[in-house]
Amino acid sequence: MNSVELFTLSITILFGALISGTPLLFATIGEIFSEKAGVMNLGIEGMMLIGAMSGFAVWFNTGSIGLGLLAGMLLGGLLALLHAFITITLRADQVVSGLAVTLLGGGFSSILGQPYVGQRVPTPFTIALPLLGNIAAQQLTLVILGLIFAPLAWFYVNRTRPGLDMRSVGEHPSAADSLGINVYLTRYTYVIFGGMMSGFAGATMSLITDPGWVDGKTSGLGWIAVALVIFAAWDPIRGMWVSYFFGLLRRLPLDLQNPALPLISTANNPSVGRLMDMLPYIATILILIIGSRDSIRRRLGAPAALGTPYVRGERGL
Amino acid sequence: MKLNGTNYRLRVEARLDNPRWIGLASSVIGVLLALFVGGFVLKAAGAQDPVATYKVIFKEGFGTFADWQAGVNALATNTSCPKGKLCFGPLSDTLVKASPILLTTLACIIAFRMRLWNIGADGQMFLGAWAATGVAVFLLPKTTDRWIMLTAMGLAGTLAGVAYGFIPGFLKARLNISEIITTLMLNYVGYKWIEYFVVVGPWSIGDFESTGRFPAPATWPRLTENAEKYPITAGLTVHPGIFLGIAAALLIAWILYRSRWGYEIRVIGNNPNAARYAGISLARNIILVMCLSGGLAGLAGMNEVAALRELNGRFSRGYGFTGVIVAWLARLNPLAAILVAILFGGLLVGTKLIQPQGIASMLQGVILFVVVGTELLFHYRIQLEKVEAVMVQKAEGVS
């Protein structure tokens, strides 16, 4: 293999990382919004699953990818609304409620998605680009959408009035309340927004990045997103970078099967490939270890009221 | 509000006490509400009549009254069950399912009591199953005495679980890393670990994605082995694993309610700051409890492979999550967990044959939601109160 071929191959792999990292990007940034407002939603996995299933189902019956993405977004938001009601209005434990969201999303998607397992998938509309060759236009559009979304999200959180309101509700809800910000409404809004982004992320997986529906489609990606939020120190731009990095890790076992890769190809050794599948999960633990050493940054990033319900008129944060 | 000519009003006040019946009521209402909501989903999913579906689940999970009666008669006369049926078949299957559920539930209970969210019982169970398999198939000779073999497998499974639980415990205690995420990630690592060994890796036999049948001493004795002496037991696969679970439940109950360590665990769970001021070491307890929790889950893994008699690529996922629900429904009480685990065993057996397959998971999600969601409501007392005529006049006078 000569150097030109190697260069083209690396570009392909990197672009692949952008594609497979983009669903993670939307889920991670969605969760950043929810946590910035003070509500931890561990149900990302469930919301992604319901989004992936419903998105695929709607596309299958209408033929429109746009409608599919919209459906995924709506159902993800609906599940998040349930979480918001349980944790904000009924003040239940956010950890347990988040687990329930995941179980519920997994169960519903498995039941309602039964007819769609192994069905035909959207045919990509390919366009030819220099260096990358033939790629699906949907994937390119999605990557660009993600690249626009992350900076916008950063700007919204750090430079706008509603973003400031959101942060103050997550940092010090009673102070925010006394300034006339509606704490409950704000929290509801961003929990639902986070859910919509998770649902959207799921739908992009079943329709664009890894087309098709199977049970447990997202295979733990939602949980990885929860960890990425911590590592990204609740910063959307950092969230974008780590999402792409995990996109690379997620594709790595596949890329390494390419016999053209010199030295490190696993084409002749499938059992090593199985071990490679552990990489994203082990890497998640490793980045948490690395992140924990940086304790000052953590203190700067984590919303102070994260995980605690707000009760108007009661003492506390 | 006017009722029969008298004025009433609703009065909502916080409860200061926390009576025992509330936990029970919330759990029972949770299950009933979950069944109700589940009925709508079943309808939407195009299943038959939901009530009929629930009847089938119950019948498959626990058997019918007629079967039970026939079984008791056959037992009294020491004959086999009439018409070639298994009178206690569903109950036997349910107990087989209930024993790993009970063990993972106890793993969750001991951790949750300290507000330590071990969601990784699944992965710890996988590692336990892996270690027990290693001992049974590759370490000890095939002719080892059955009880020595099973004890060795149990020890290996428990130790593997302890080691796997130690990792998140250590990371939480020393670096304050969320145990929720590490235990979850280790679940997936556990799944892949088993896949590596039995699907394509060193332990697979041919293309079967399995270690092959265990040697006889490495399997639980089943009740059906006594069929010659007691014909009623023919075909019943129930094994002593459920007693292992019950013994573990008694042990955990003793630790929690009768030992000093259990007291420390409960204090930390109720108020970590109070515990710290009282000189209770948080870090030490976090690590110890995660090890105990992982050990129980590892034992569940050994119990499961000894019942399945092989380790294969389809090794059962999800017991760890079922354990979370059962723990919550049992209000983190290890003795109540025995009953709830058996009920859930029945639910899993009953839903196995039912299409679509995700029903068990969906019902579990709804149950958890309802149980955790209704908790707050039970902390308030809602009363209808007669409003005295004088007060009404006063109120009207003001407005």
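The model is predicted, so local features need pLDDT of at least 70 and side-chain atom pairs count only at pLDDT 80 or more, while totals for chains, interfaces and linings use all residues. Residues are numbered from 1 along each chain as its sequence is written, with chains lettered from A and ligands numbered from 1 in the order in which they are written.

**Exercise 1.** State how many residues of chain B are in contact with chain A, and which helix gives the largest share.

*Solution.* Step 1: two residues are in contact if their C-beta atoms, placed from the backbone, lie within 7 Å. By this rule, 39 residues of chain B are in contact with 37 residues of chain A.
Step 1: helices are DSSP runs (H or I, at least four residues), numbered from the N terminus. The elements of chain B that give two or more residues to this side are H6 (146-175), H7 (179-200), H12 (319-329) and H14 (359-374).
Step 2: H7(B) provides the largest share, 12 residues.

**Exercise 2.** Find the buried residues of H1(B) and what they pack against.

*Solution.* Step 1: a residue is buried if 20 or more other C-beta atoms, placed from the backbone, lie within 10 Å of its own.
Step 1: in H1(B), the buried residues are B:Ser26, B:Ser27, B:Gly30, B:Ala34, B:Gly38, B:Val41 and B:Leu42.
Step 2: they pack against H4 (94-112) of chain A, and against H2 (50-62), H12 and H14 of chain B.

**Exercise 3.** List the contacts of B:Ala337 beyond its neighbours within four places in sequence.

*Solution.* B:Ala337 is in contact with B:Leu102, B:Thr105, B:Leu106, B:Ile109, B:Ala249, B:Val326, B:Ala327 and B:Ala330.

Methods
A residue is buried if 20 or more other C-beta atoms lie within 10 Å of its own, exposed if 12 or fewer, and partly exposed in between; C-beta atoms are placed from the backbone.
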